[in-house]
Amino acid sequence: MNETMVCAVGRVATQPVYREVASGPSARFRLAVTARYWDREKNTWTDGHTNFFTVWANRQLATNTAASLTVGEPVIVQGRLKVRTDVREGQNWTSADIDAVAIGHDLAWGTSAFRRAAKTETAPSSTQGEPNWETAPPGSADSAGAQTQPEPEAAALA
């Protein structure tokens, strides 16, 4: 499928809103991306136009986004660009959304301390213990090349 992947560098414009929905956790926030350029006449950097995107995060990314981001922080967002047009109250509206794949702090502006999120799912427990990797399993050749005795069930099937 053809999708438009974008990488936007900007600042968090609104506090992330976290919701638990039927399909899993979801979070959204507004991202402000302002172009900067060198103004030769003033001999200084000048802010250009600001674009605003609604960033959508799902599942574990949503949970971590809501716990990690606050208004004003510099972030980098990578995801799928979705441009939508709407008619609301007789007026045409256009919105640009990013369905995020990755979100992180922009370390050009400061430092960040990464903490791995706690696992929400439990791994299936195994009733079988860890195998002894030092000894050859039954039915395989040992280090001297001799065949070991198969287990009784395996001998009955052979």
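Me: What makes S5 and S6 a hairpin, and which residue in the turn has a positive phi?

Reply: In this predicted model, S5 and S6 form a hairpin with 2 residues between them. Glu-89 lies in the turn and has a positive phi of about 50°.

Me: How do you know that S5 and S6 pair, and in which sense?

Reply: Two strands pair if there are at least two bridges between them. Strand S5 (residues 74-88) and S6 have 14 bridges, in the antiparallel sense; the count meets the cut-off, so the two strands are called paired. Among these bridges, Ile-76 has Gly-104 in S6 as its partner.

Me: Why is S4 also called a partner of S6, and in which sense do they pair?

Reply: Strand S4 (residues 44-58) and strand S6 (residues 91-105) share 3 bridges in the parallel sense. Because at least two bridges are required, these strands count as paired. For Trp-56, the bridge partner in S6 is Asp-99.

Me: Where is Asp-106 found, and what does its side chain reach?

Reply: Asp-106 is in the loop between S6 and helix H2 (152-157). Its side chain reaches the backbone nitrogen of Ala-108 at 3.1 Å. The cut-off for a polar contact is 3.5 Å, so this distance falls within it. Leaving aside neighbours within four places in sequence, Asp-106 is in contact with Val-9, Pro-74, Val-75 and Ile-76.

Me: What makes the largest nonpolar core a core, and which residues have the most contacts inside it?

Reply: Such a core is a set of buried nonpolar residues, joined through side-chain atoms within 4.5 Å. The largest has 18 residues, and those with the most contacts inside it are Phe-29, Leu-31, Val-55, Val-77 and Ile-103. Two or more residues each come from strand S1 (5-12), strand S3 (24-39), S4, helix H1 (59-68), S5 and S6.

Me: Which residues is Ile-103 in contact with, leaving aside its neighbours within four places in sequence?

Reply: Ile-103 is in contact with Phe-29, Val-55, Ala-57, Leu-61, Thr-65, Leu-69, Ile-76 and Val-77.

Me: How many helices and strands are there in the chain, and in what order do the elements run?

Reply: The chain has 2 helices and 6 strands, running β-β-β-β-α-β-β-α from the N terminus on.

How values were computed: Residues numbered from 1 in each chain as written. Predicted model: local features only at pLDDT ≥ 70, side-chain atom pairs only at ≥ 80, totals over all residues. Heavy atoms only, no water. Helix = DSSP H or I, 4+ residues; strand = E, 2+ residues; numbered from the N terminus. Polar contact = N/O pair within 3.5 Å; in protein donor to acceptor, adjacent residues only side chain to side chain. Contact = heavy atoms within 4.5 Å. Buried < 20%, exposed > 50% of the residue type's maximum accessible area, 1.4 Å probe, protein only.
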